[in-house]
Amino acid sequence: MEDLTFRCIRCEREYPLGTREWRCRCGGLFELAGPASRFSKDEIIEERSIWRYRAALRLPEGVPQITLGEGWTPLVDEAIYGLPVRFKLEFLMPTGSFKDRGAAVLVSFLKHLGVKEVVEDSSGNAAASLAAYCARAGIRARIFVPSYASLGKLKQIQAYGAELVPVPGSRAEAARAAEEAAEARSYYASHYWNPFVLEGLKTLAYELAEQLSWRAPDNLIFPSGQGTFLLGTYHGFCELLEAGLVEKLPRLFAVQAEACAPIAIAFQQGLEEPAEIEPRETVAEGVRIAKPIHGAQVLTATRKNTWIEKDFTVNKDDKVNVKVLPSCK
């Protein structure tokens, strides 16, 4: 797809795709600008992966396909409290999480650019995913991790050949260290700043629609830290609706830990930006994001056709409690 650029969602300044800037000079997020995705069922490739929907991906012409077989995860029927539920088994991805959808598309783009080295900040699944796909593509990866990162995840990241750079302090300190490294010489392959990650994540919508005989589910529930999985899936279903491939958008539920729920609190208080909070400790460390940069976009998306509830809490004994939501008013 030609004529794509990065565009700031705040000031609308545009940058070429080859820029090493990872956000606008005004501090705003990038989005992809250019031709919209156009997709029909006739363009599906006979391949059981996210690349089945390559025609829907907004990528420059000639981008190689860096893949480990990600996508087309099972959809399993179950019942909870007597209600029918389907589980999408994203833990069966090559590195064990949905992050492989975004990493596959991002690293394919970086390979096309000729990038030789990337940096990233993460303490878990995103870092493991990026490390694996960079190894597949022959790209060197340096991962900046906070001091509290779990040993199991660190070992997984190292197993893929990435260089670990421990950073004393919080996740925010690790992010600042990665940003500084990117300014010096490396490409900042951020799983939340780079819009090609959302392109990969939107494939969940296409996959679910096809698995459900081209119907949208009534409801989708996402554990949400940055909220990118929810946001990417929302974009995907919007494209499917525009193409006439589904008849409605699903309702989306963002689930946050009570100890760190800036998006849920903002939704409940009618705020346009994530609430200012002091995060507390929680066993749900993967969603412990105090300042989600996509928070305003997630709030906008949820208010159009969805809503958020802080329905996942962890008490002082680190026991997980889930409360049943009474309605979807």
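## Phenylalanine 6 and its surroundings

Leaving out residues up to four places away in sequence, phenylalanine 6 touches Arg13, Glu14, Tyr15, Pro16, Leu17, Thr19, Phe30, Glu31, Leu32, Phe109, Pro195 and Phe196. Keep in mind that this is a predicted model. Phenylalanine 6 belongs to strand E1, which covers residues 5-8.

Is phenylalanine 6 buried or exposed? Its relative accessible area is 1%, and therefore phenylalanine 6 is buried, the cut-off being under 20%. A further pair to look for is phenylalanine 6 and glycine 34: they stand 28 residues apart in sequence, and their C-alpha atoms are 8.8 Å apart in space.

## The sheet around strand E1

Three strands make up an open sheet, ordered E2-E1-E3, with antiparallel pairing. E2 and E3 are the edge strands, each pairing on one side only.

On one side, E1 is joined to strand E3 (residues 30-33) by four bridges, and the two run antiparallel. Here arginine 7 stands opposite glutamate 31 in E3. On the other pairing, E1 is joined to strand E2 (residues 14-15) by two bridges, again antiparallel, and arginine 7 stands opposite glutamate 14 in E2. E1 and E2 also form a hairpin, with five residues between them. In that turn, glutamate 12 has a positive phi of about 70°.

As a general point, strands of a sheet pair through backbone hydrogen bonds, either parallel or antiparallel. The next sheet shows the parallel kind.

## A parallel sheet of four strands

This open sheet has four strands in the order E8-E7-E6-E9, and the pairing is parallel. Its edge strands are E8 (163-167) and E9 (187-188), each of which pairs on one side only.

Strand E6 (residues 117-121) and strand E7 (residues 140-146) pair in the parallel sense over five bridges. To find your place there, look for aspartate 121, which stands opposite phenylalanine 144 in E7. Helix H2 lies across both E6 and E7, and runs at about 170° to E6.

## Helices H2 and H3

How are H2 and H3 placed relative to each other? H2 packs with helix H3 (residues 151-159) at an angle of about 10°, and their axes are 8 Å apart. Angles under 35 degrees count as roughly parallel, so H2 and H3 are roughly parallel to each other.

Where the helices meet, Asn125, Ala127, Ala128 and Ala131 in H2 come into contact with Lys153, Gln156 and Ile157 in H3. Sorted by class, this contact of H2 with H3 holds four nonpolar, two polar and one charged residues.

## The nonpolar cores

Which residues touch the most other members of the largest nonpolar core? In this core of 77 residues, they are Leu110, Val118, Ile143, Phe196 and Leu240. Helix H2 (residues 125-137) supplies the largest share of this core, with eight residues. A second, separate core has 15 residues, including Leu29, Phe144, Ala181 and Ala182.

Two of these names link back to earlier sections. Phe196 is among the residues that phenylalanine 6 touches, and Phe144 is the residue opposite aspartate 121.

Setting aside its neighbours within four places in sequence, valine 118 is in contact with Leu110, Leu130, Cys134, Ile139, Arg140, Ala141, Arg142, Ser186, Tyr187 and Ala189.

Notes:
Residues numbered from 1 in each chain as written. Predicted model: local features only at pLDDT ≥ 70, side-chain atom pairs only at ≥ 80, totals over all residues. Heavy atoms only, no water. Core = buried A, V, L, I, M, F, W, Y, C linked by side-chain atoms within 4.5 Å. Buried < 20%, exposed > 50% of the residue type's maximum accessible area, 1.4 Å probe, protein only. Contact = heavy atoms within 4.5 Å. Axes fitted to C-alpha atoms, helices over the stretch in contact; angles between N-to-C directions. Parallel < 35°, antiparallel > 145°, perpendicular 65-115°, else oblique. Nonpolar A, V, L, I, M, F, W, Y, C, P; charged D, E, K, R; others polar. Pairing = 2+ DSSP bridges.
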